[in-house]
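Please look over the model shown here before reading on.

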Amino acid sequence: MIAIILSVILVIYFSSIGLLIYGFTKVKKYQNNNLKPRTSFTIIVPFRNEEENLPNLLQSLSNLNYPKGLFEVILVDDSSSEKFQILNSKFQVSIIDNIRVSNSPKKDAISTAMQHVKTNWVITTDADCLVPKNWLLTFDNYIQQNDVSMLAGAVTYECENSFLDHFQQLDLTSLQGATIGSFGLNKAFMCNGANFAYTKSLFETLNGFDGNDTIASGDDVFLLQKAANLFSDKVHYLKAEDAIVVTKPTENWKTLFYQRVRWAAKTSSYQSSFGKILGLIVFFGNLSFVIGFFAFVFEIWPYPFFVLFVFFKFIIDFVLLYKANQFLTKSRIKSLILSSLLYPFFSSAVALYSLFGSYEWKGRRFGK
């Protein structure tokens with residue numbers, strides 16, 4: 001009986017990931033055409049105790065191949081223990097204090113910054129990120145050539161040679177693959193706030209984060225889902241190598257676990273039915289692996305069945321990972337086998353814990 005149930009789950013899982021692969025290929029790569037820059041951007045960066053990372057981000061912003069008069073930066077200080085000071089800057093940058101009104105510090109930070117935004121376009125990123133030199137130019141060129149009000153971009157890790165980093169890169173690559181795939185299927189439900197742009201007018205039309213400000217995370221996905229639900233033709237994915245933002249992986253397993261719990265905790269509140277269903281399919285696909293493993297260990301499930309289950313799950317996962325990795329880094333996927341074997345256990349634990357557990361982030365504790 002267990003073999004039949006797990007086999008059915010595997011077929012559904014295999015088909016769903018196959019659908020995402022199809023969607024991924026439908027989103028065409030974009031290359032900027034070196035059009036004369038015309039779009040004015042406000043870059044919003046919420047931060048809390050990021051005095052080590054902010055100078056690196058600001059340096060990457062100063063290296064942008066974009067007119068300094070066409071962008072400004074708003075840093076939103078979310079109760080840092082020490083005040084960050086800007087010594088010199090080649091572009092307009094200001095620091096404001098976050099005004100807390102909800103359970104979500106980051107949503108409050110973006111909403112606070114929006115009161116100071118004078119440009120039509122806003123783009124958000126994180127303090128521990130680095131942006132490529134043609135970042136804004138690529139967004140600008142795409143905006144000039146397409147009727148768009150919201151643009152999601154890619155994020156990848158700057159990894160060192162450790163298994164923890166390789167594991168995180170594998171996880172983020174799979175998420176980016178699923179993100180792009182969902183856009184290709186016109187079922188966009190996920191994006192990353194470290195590389196996310198939209199017009200101020202769209203933000204106001206959507207009433208910002210109203211309706212989900214009780215949830216600590218999700219400043220990006222909930223806004224995306226609201227926009228995709230009302231203006232799907234104006235919501236695009238910028239699949240451009242020149243617009244990939246690089247961020248840092250977490251430094252230890254505990255922080256990684258809590259980060260992924262933070263990401264998973266908002267799934268039940270998705271507006272997107274596709275996102276909810278896909279989340280359940282992925283969860284049961286990984287949980288089936290875990291159940292199958294223990295069924296094999298305790299000789300409940302024959303050896304050939306478990307090997308076939310692992311093989312088919314690995315193959316379909318690898319195809320999506322390979323395509324996403326070719327776009328994001330073009331480097332070899334490291335620690336693939338070990339990470340693939342560990343991931344179902346890690347993912348299942350994160351999903352189950354997120355249903356009832358609290359988590360720590362940036363020195364604060366949040367509940368479900």
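This is a predicted model: local features need pLDDT of at least 70, side-chain atom pairs count only at pLDDT 80 or more; totals for chains, interfaces and linings use all residues.

Residues are numbered from 1 along each chain as its sequence is written, and side-chain values use heavy atoms, with hydrogens and water left out.

Q: Are H5 and H11 roughly parallel or roughly perpendicular?
A: Helices here are DSSP runs (H or I, at least four residues), numbered from the N terminus. H5 (residues 163–184) and H11 (residues 336–354) pack at about 70°, with axes 10 Å apart, the axes being lines fitted to C-alpha atoms over the stretch in contact and the angles running from 0 to 180 degrees between N-to-C directions. Because angles of 65 to 115 degrees count as such (under 35 is roughly parallel, over 145 roughly antiparallel, the rest oblique), H5 is, relative to H11, roughly perpendicular.

Q: What is the distance between the end C-alpha atoms of H10?
A: The expected span is 1.5 Å times one less than the number of residues, so the 26 residues of H10 (residues 303–328) should span 38 Å. The distance in the model agrees with this, at 36 Å.

Q: What is the relative accessible area of Asn141?
A: Asn141 lies in helix H4 (residues 135–145) and touches Tyr30, Asn32, Asn33, Asn34 and Leu35, not counting residues up to four places away in sequence, where contact means heavy atoms within 4.5 Å. Asn141 is buried (under 20% relative accessible area; exposed is over 50%, partly exposed in between, with a 1.4 Å probe and protein chains only), because its value is 0%.

Key:
Helices (H or I, at least four residues) and strands (E, at least two) are DSSP runs, numbered from the N terminus.
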